[in-house]
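Reader: I would like to learn how to read side-chain contacts in a model. Can we go through them one feature at a time?

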Amino acid sequence: HLDLAAMEWLEGAVRDLAAAVVIVSHDRWFLESTATSVLDIGQGRARLWPMGYSAFRRARAEDDAQQAVLAERRREEMERLDRFVTRWRAGTRARQAKSRAKRLERMSPIEAPTREKALSFGFPKTDRPGRVVLEADGLRVGVPDRILVDDAGFTIERGQRVAVVGPNGAGKTTLVETLL
């Protein structure tokens, strides 16, 4: 939960550090600016990708697509062999069927890459708000022993997206809770 200034300092400190660093983070921008390799852990395997985070995501997507094609081809080949063996097992091509049955036994399916579970949630349906969603005039927000905002005024209209930024302890959460 670092503020912007602390995050920028940490990025610089990690980049300038003359040592190996293991970073575990969900912050893609931080990973992009600091990581020189990515260790991808999943499905019981670990694979090291010697590249930055964005390049890793592109390369892994390409690798997953290629793996899915190979898995589909292998599945189709196994089905084709199985149909041949079933059809000709006792017929005129019994020797070929037996040979292909052995080949089919030696083949194993290629696992298609599994998709990561996507986060899903929804916002409750509400009536369409008026043009002005939130309006404040003469707003005063404080905590014991300190005034955070004094005599503030603003209007937020439908469709606007407002970011509340400031250093840790400036009162961002308190302001939003007050507005709610």
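Reader: Which charged end sits over the ring of Trp88?

Author: One caution before the answer: this is a predicted model. To call a charge over a ring, take NZ of Lys or CZ of Arg and look for a ring centre within 6 Å, within 35 degrees of the ring normal. Here the charged end of Arg93 passes, at 5.0 Å from the centre of the Trp88 ring.

Reader: Which residue lies over the face of Trp49?

Author: Arg47 does. Its distance from the ring centre is 3.9 Å.

Reader: Now ring against ring. How many aromatic pairs does a search of the whole structure find?

Author: Three. Read each pair by two numbers: the distance between centres and the angle between planes. Take Tyr53 and Phe56: 5.9 Å centre to centre, with 45 degrees between the planes. That pair is tilted.

Reader: Why are Tyr53 and Phe56 separated by about one helical turn?

Author: Because they are three residues apart in helix H3.

Reader: Are Tyr53 and Phe56 buried or exposed?

Author: Buried means under 20% relative accessible area. Tyr53 has 14%, so it is buried. Phe56 is buried as well, at 5%.

Reader: Which residues do ring pairs link into a cluster?

Author: Trp49, Tyr53 and Phe56. Trp49 also has Arg47 over its face.

Reader: Where in the structure are Arg75 and Glu72?

Author: Both are in helix H3, residues 53-88. They are three residues apart there, so about one helical turn separates them. Arg75 is partly exposed, at 38% relative accessible area. Glu72 is partly exposed as well, at 32%.

Reader: Which residue meets Glu157 in a salt bridge?

Author: Arg131, at 2.5 Å from N to O. Once you have a bridge, ask what it joins. Glu157 lies in strand E4, and Arg131 in the loop between helix H4 (94-106) and strand E3 (132-143), so the pair ties together parts that are 26 residues apart in sequence. Glu157 is partly exposed, with 32% relative accessibility. Arg131 is exposed, at 52%.

Reader: What does Arg140 form with Asp150?

Author: A salt bridge, with the closest N and O atoms 3.2 Å apart. Arg140 belongs to strand E3 and Asp150 to strand E4, so this pair ties together parts 10 residues apart in sequence. Arg140 is exposed, at 53% relative accessibility.

Salt bridges can also share partners. In that way Asp40, Arg60 and Asp64 are joined into one network.

Reader: Let us turn to the backbone. Which residue has phi near 75 degrees?

Author: Asp145. Asp145 sits in the loop between E3 and E4. It is exposed, with a relative accessible area of 86%.

Reader: Where is Asp151 found?

Author: In strand E4. Phi of Asp151 is near 55 degrees, again a positive value in a residue other than glycine. Asp151 counts as exposed, at 60% relative accessibility.

Reader: Last feature, the surface. Which residues make the nonpolar patch of about 400 Å²?

Author: A nonpolar patch joins side chains within 5 Å, using residues with over 30% relative accessible area and no salt bridge. Here the members are Val162, Val164, Val176 and Leu180.

Reader: Where is the place of Val162?

Author: In the loop between strand E4 (146-157) and helix H5 (172-179). Val162 is exposed, with 55% relative accessible area.

Key. Residues numbered from 1 in each chain as written. Predicted model: local features only at pLDDT ≥ 70, side-chain atom pairs only at ≥ 80, totals over all residues. Heavy atoms only, no water. Patch = residues over 30% accessible without salt bridge, like charges linked within 9 Å, V, L, I, M, F, W, Y side chains within 5 Å. Areas by Shrake-Rupley, 256 points an atom, 1.4 Å probe, with all protein chains shown as cover. Salt bridge = Lys/Arg side-chain N within 4 Å of Asp/Glu carboxyl O. Helix = DSSP H or I, 4+ residues; strand = E, 2+ residues; numbered from the N terminus. Buried < 20%, exposed > 50% of the residue type's maximum accessible area, 1.4 Å probe, protein only. Phe/Tyr/Trp six-rings, centres within 6.5 Å; stacked < 30°, edge-to-face > 60°.
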